[in-house]
Amino acid sequence: MNKNNFFCFNLPVIHDSAIPNKKHTLITDKQPMIKFRSSAKTVSKLLDKNNFTSLLINRLQYTIGQQPLNANNRSWYQALAYVVRDRLIDLWIETTKHYNNKNTKRVYYLSLEFLIGRMLQNALLTLDCEKGCRDALLKLGLDLEQLREQEPDAALGNGGLGRLAACFLDSMATLGVPGFGYGIRYEYGIFNQRIENGYQVEHPENWLRYGNPWEIPQPDVLYPIRFSGNVQTWHDKDGRIHHRWTDTHEVMAMAYDMLVPGYKNHRVNQLRLWTAKASRDFDLKYFNEGNYINAVKDKTSSENLSRVLYPDDTTEMGKELRLKQEYFFVSATIQDIVHQFNEQHRDLKLFPQRVAIQLNDTHPAIAIPELMRILMDEHMLEWCEAWRICKNTFSYTNHTLMPEALETWPVALIEKLLPRHAQIIFEINQRFLDDVRELYPNDEEMVARLSIVNNYGSHHFRMAHLAAVGSHTINGVSKIHTELLRTTTLSDFHHFRPNAIVNLTNGINPRRWLNLINPQLAALISDYIGDGWKKDMTALEGLKQFANNSKFQNQFQKVKQANKNRLSKLIRERLGITINPHSMFDVHIKRVHEYKRQLLNLLHAIVLYNNLRDNADNNMVPRTIIISGKAAPGYHLAKLIIKLINDVGKTINNDPVTLNKLRLVFIPNYDVTTAGDIIPAADLSQQISLAGTEASGTGNMKLGLNGALTLGTLDGANIEILEQVGSENIFIFGLRAPEADALRGGLYKPREYMKNNSSLSLAIEMIEDGFFSPEQPDRHYAIVDALTRTDPFLVLADYQSYIDSQKLVEDSRREPSIWTQKAILNVASMGYFSSDRAIREYAKKVWKIPVN
């Protein structure tokens, strides 16, 4: 093997990150021992089968430590991952040189979640070498599909927040935006969901068990993270007051980098993840005394910060751990960003011209006082200058309208763990409220509503308010969400700063959510309109001319059926449930939460079942209802909903009357890979949250892009999907947001809706009487009580409208040509919902950077 092709992952990287006060040598053109290959040559070497085989066997032998004759699929997968990663590193080095030479403004995307999914297939597609890789593996007697199955999903997120972040990173790389993600390297993710006796049971998601060949440890990129202690005040020679944070407990944050390739453009950005390390791993004194637990106590306690995503915060210890986790991630990130800036620039006044920091929801909001602390306490800037820098650097994406989901922290807890930050937040708030009083004199109610500090009851810091005060731009993620932010959740901020809240509708990455997960449909589309849609999703409009074309319809139907056959096989093999692959696949894949209204779907399933029991020969459209999603470990009612879904499914699926006509399936452990199995097979996409509760949603976009018709409320991005696809190609039902608000604010009586609806009454009575849980008849009483007494998300109020729309779905499904036409038009109309479009809008409206 040519030594110039040998593993470059051990080379020093160009990245300017390092531990503070430690000098590092950067790779430059003056170092002749490091040769930067041209991008095209780098990829062509991987495409060459002989060279590829040599690289793969060398990696297997010298990195994995195995011989080809003895290696199993996991070993081959890891060797393959290292080979592909080497090519990505070459491109990463060149990309970083390019950014450094251009001295470009950089975007830092802070998010507690990044649901990046599996990386191998995505990397092969972006490098445009999947076919060459597949062919070379076949010569070695290896199957690429089998190797791909060895890769676990990266357990770095839970839901739409993390998947959006991953799509945005991909789009930034594809558009050539110098964009970098920052998050936490969770050792166990949120949890692995198993269904045991119908109940959700949480198990550790040990995705790092066999190592992660895609990550690059950076042991020299290490930052101290401080907690607790005291704040000392001192005066300089000019009499200025300064603060020093002392007597703190320290944890170290170490960086791991994962590479984010752009699509066929030789650009590779990075996602930097932090893992917690103890400042002192081992106490030899305790060990020698035989106190082995205390010998490693500090190490265990410190490293808990990056163990799991969203530790249960229903206890005081849980709350403390969660706050420490958020600050750990934010402090390491801000230190790293400031350090990188100082490597190239010496004047911090230029910071907002070279740095844009996007806060993805309220979790990273503590970054605002952290940057203020660093600027004032470490770089000795005065308040006004530090605040100008902060205000012009940060922007904030809001993802929720529900007050209970807007993060708050007890003032006492922040004063205990982050005493200097508490001082800074109080000062930010006081100066902000002075401005409010100037504009609204004698309106103390307005002052109280805008205050970062909630003084009603126990004192709390309102992190959404902190993010809003400390950011130059606040954005919603759909038209209705943004409008509701302006008129409800952040209405006072909108009046105070009328132009600060803007709309930037979410988007999805077509390269993963069509090209990767649905290759047959992607190939069919490209055969008819070319493959330009992979970089410009609006090109899908070219499919509209083929919506009535019988040949294209037949091919489209065959692709859909092949995907349904594949999913049917997976369900049979993994769950032991046989479903009719020719039935309508009615899909509801969401985090399990009352506002997502899985219960509305479930009530309809019971009604369909009762119709079959009454008349087994009725001419219903065969239907397989597929539900998947996780419930938060501490959300007991949501976990009970999962149990009810499984109880109802068990009853339906075991009744001979439903054979080939009705099935209800709950698929456990929903993640990116599971989504990729389900979405291409979906016929109907359920987006049925109560109007005014869903910020945007991106599952609706993914399912529509793969040819599923939407059944939904006028909530989140459903409204914009309606605008794009037309009312004749979507099924809309339910109360509008103002109607829902009026009903919830009035004398809503859920039982009144049961009195005049026999099918609804029967369904609820069956749950209440234990029809689906005869061994424990009162098992689901809490659900019945919630529905019939308060029904906070108006399930019963929307029930009849939902049932009427389901009948329209059946009517349309009886005419395959019309249904297929609608499905094609849905695919053709999804162009607006590209994450590339969203990133262009962020770049123009928020970050103020050019995009190619």
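R837 counts as buried, at 14% relative accessibility (buried means under 20% relative accessible area, exposed over 50%, and partly exposed in between, with a 1.4 Å probe and protein chains only). R837 also takes part in a salt bridge, with E841. The structure holds 47 salt bridges (each is a side-chain nitrogen of Lys or Arg within 4 Å of a carboxyl oxygen of Asp or Glu).

This is a predicted model, in which local features need pLDDT of at least 70, side-chain atom pairs count only at pLDDT 80 or more, and totals for chains, interfaces and linings use all residues. Residues are numbered from 1 along each chain as its sequence is written, and side-chain values use heavy atoms, with hydrogens and water left out.

**Salt bridges within a helix**

- In the pair E841 and R837, the closest N and O atoms are 3.3 Å apart.
- E841 and R837 are separated by about one helical turn, because they sit four residues apart in helix α35 (residues 835-847). Helices (H or I, at least four residues) and strands (E, at least two) are DSSP runs, numbered from the N terminus.
- R431 and E427 also join their side chains in a salt bridge, at 2.7 Å from N to O.
- Helix α16 (residues 419-439) holds both R431 and E427, four residues apart, so about one helical turn separates them.
- R431 is partly exposed, with a relative accessible area of 36%.
- E427 is partly exposed too, with a relative accessible area of 31%.

**A salt bridge between loops**

- E694 and K596 form a salt bridge, and their closest N and O atoms are 2.8 Å apart.
- E694 lies in the loop between β20 (684-687) and α27 (699-705), while K596 lies in the loop between β17 (584-589) and α24 (598-614).
- The pair therefore ties together parts that are 98 residues apart in sequence.
- Both E694 and K596 are buried.

**A network**

- Salt bridges link R59, D86, R87 and D90 in a network.

**Cysteines**

- How many disulfides does a search of the whole structure find? The search finds zero (a disulfide is a pair of cysteine sulfur atoms within 2.5 Å).
- C129 is in no disulfide, and its nearest cysteine sulfur, that of C133, is 6.4 Å away.
- C129 is buried, with a relative accessible area of 2%.
- C133 is in no disulfide either, and its nearest cysteine sulfur is that of C129.
- C133 counts as buried, at 3% relative accessibility.
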